[in-house]
Amino acid sequence: MTTQTAAPRILSGMQPSNDSLSIGNYIGALTQWVALQDTCDTFYMMADLHALTVNPDPSALRERTRRTLAQYLAGGVDPSRSTLFVQSHVPQHAELAWILSCQTGFGEAGRMTQFKDKSAKQGNEGTSVGLFTYPVLMAADILLYDAALVPVGEDQRQHLELTRNLAERMNSRFGEDTFVVPDGHIVKAIAKIYDLQNPTAKMSKSENGKGTIWLLDEPKKAAKKIKSAVTDAGTEIVFDPANKPGISNLLNIYSVLADKSITALEAEYAGKQYGNLKVDLSEVVADFLTEFQAKVNVYLDDPAQLDVILADGANKAKAVAQETLKRIYDKVGLLPPASQA
């Protein structure tokens with residue numbers, strides 16, 4: 001059955017594609033994930049299967065997966081309150097993705113904006129089938145856990161709509177209790193962080209890394225990036241994303257890390273220069289990273305404990321995933337093994 005627990009279930013995750021998450025990941029996702037632990041049944045994964053679409057070095061991927069977990073923990077995600085697991089440790093993700101791919105139209109998958117953008121840059125020979133079916137695996141991630149809510153940004157809305165369409169299509173064909181149809185969960189109060197060198201692009205999309213502050217950056221290096229951030233015409237320090245995207249981006253970062261309202265910061269810097277804001281923010285960022293990295297290093301110094309957390313999380317995730325997949329296999333007519341008949 002697809003009945004929900006008393007608390008709505010949430011599924012989200014990040015790819016271990018880099019040695020570090022960015023400060024944008026922290027502000028836009030991790031702070032939100034931590035808050036959701038109070039009201040939801042939270043499942044957070046390291047999406048290593050998705051990371052394979054960029055053909056990472058195998059040893060780097062393994063190391064990055066543990067480092068990603070350590071950053072989740074340092075950011076406040078609590079393994080006693082959330083299910084933390086590696087995507088590939090739950091094979092049902094890939095199994096359900098095949099079922100869903102058989103229900104997804106070729107044209108439907110080809111219309112995904114991210115696929116079109118990336119394939120246009122890479123060309124036919126450089127574009128893998130995995131990149132094409134990436135949104136289907138994402139749909140499997142969500143539907144496998146009967147997730148009612150999915151934290152998404154604007155760039156993931158199209159993938160969520162595909163997930164909803166697939167759930168509704170299969171509910172129509174195989175019965176209304178086949179899948180829970182998930183809703184997007186967007187917290188308006190959470191700031192979206194942009195590239196320091198191009199404040200109209202997401203920080204995670206930074207092309208050369210100069211506009212990105214990585215959570216594991218050397219604090220002095222991060223402070224230098226803040227001081228070199230692009231600002232705007234004029235001199236007034238006000239929050240105006242349309243006309244002052246650079247200053248507004250810095251104010252967003254400052255507000256979250258210093259726990260001050262935008263209004264309070266505008267009042268504090270009234271009559272001051274952009275340089276004053278950047279110098280003060282560089283110190284705030286450096287102090288934050290120093291404290292955050294100290295927490296990360298405690299976890300990285302004990303990889304055995306990280307593996308215990310992941311094993312426990314995988315067991316919890318599998319318990320849910322196995323029941324879902326058994327239900328779906330039955331719905332689509334696959335013959336169960338004799339031991340399950």
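Reader: Is the crossing of H7 and H8 left-handed or right-handed?
Author: First, the labels: helices (H or I, at least four residues) and strands (E, at least two) are DSSP runs, numbered from the N terminus. A crossing is left-handed if the near helix is turned anticlockwise from the far one by less than a right angle, and right-handed if clockwise. Under that rule, H7 and H8 cross in the sense called right-handed.

Reader: And what kind of model am I looking at?
Author: Residues are numbered from 1 along each chain as its sequence is written, and side-chain values use heavy atoms, with hydrogens and water left out. Local features need pLDDT of at least 70, side-chain atom pairs count only at pLDDT 80 or more, and totals for chains, interfaces and linings use all residues, as this is a predicted model.

Reader: Back to the helices: at what angle do the axes of H7 and H8 cross?
Author: The axes are lines fitted to C-alpha atoms, for helices over the stretch in contact, with angles from 0 to 180 degrees between N-to-C directions. For H7 (residues 129-143) and H8 (residues 157-174), the axes come within 9 Å and cross at roughly 65°.

Reader: Which residues of H8 make that contact?
Author: Contact means heavy atoms within 4.5 Å. H7 brings Tyr 134, Pro 135, Val 136, Met 138, Ala 139, Ile 142 and Leu 143. On the H8 side, the residues are His 159, Leu 162, Thr 163, Leu 166 and Ala 167.

Reader: Which residue of E3 is the bridge partner of Thr 42?
Author: Strands pair if DSSP finds at least two bridges between them. E2 (residues 41-46) runs parallel to E3, with five bridges joining them. In that pairing, Thr 42 has as its partner Ser 82.

Reader: What stands opposite Arg 9 in E2?
Author: E2 also pairs with E1 (residues 9-14), in the parallel sense over six bridges. E2 is mostly covered, with five of its six residues buried. Opposite Arg 9 stands Asp 41.

Reader: What is the relative accessibility of Tyr 72?
Author: Tyr 72 lies in helix H3. Leaving aside residues up to four places away in sequence, Tyr 72 touches Gly 13, Met 14, Leu 21, Leu 30, Trp 33, Met 45, Met 46, Val 77 and Leu 84. Tyr 72 counts as buried, at 0%.

Reader: How about Thr 68: what is its relative accessible area?
Author: Thr 68 is found in H3 (residues 58-74). Its contacts, not counting residues up to four places away in sequence, are Pro 16, Leu 21 and Met 46. Thr 68 is buried, with a relative accessible area of 1%.

Reader: And what is the relative accessible area of Lys 225?
Author: Lys 225 lies in helix H9 (residues 219-227). Not counting residues up to four places away in sequence, Lys 225 touches Leu 196, Gly 209, Lys 210, Thr 212, Trp 214 and Asp 217. Lys 225 is buried, at 11%.

Reader: Which ring does the charged end of Lys 272 sit over?
Author: A charge sits over a ring if NZ of Lys or CZ of Arg is within 6 Å of the ring centre and within 35 degrees of the ring normal. The charged end of Lys 272 is 5.2 Å from the centre of the ring of Tyr 269.

Technical notes:
Buried means under 20% relative accessible area, exposed over 50%, partly exposed in between (1.4 Å probe, protein chains only).
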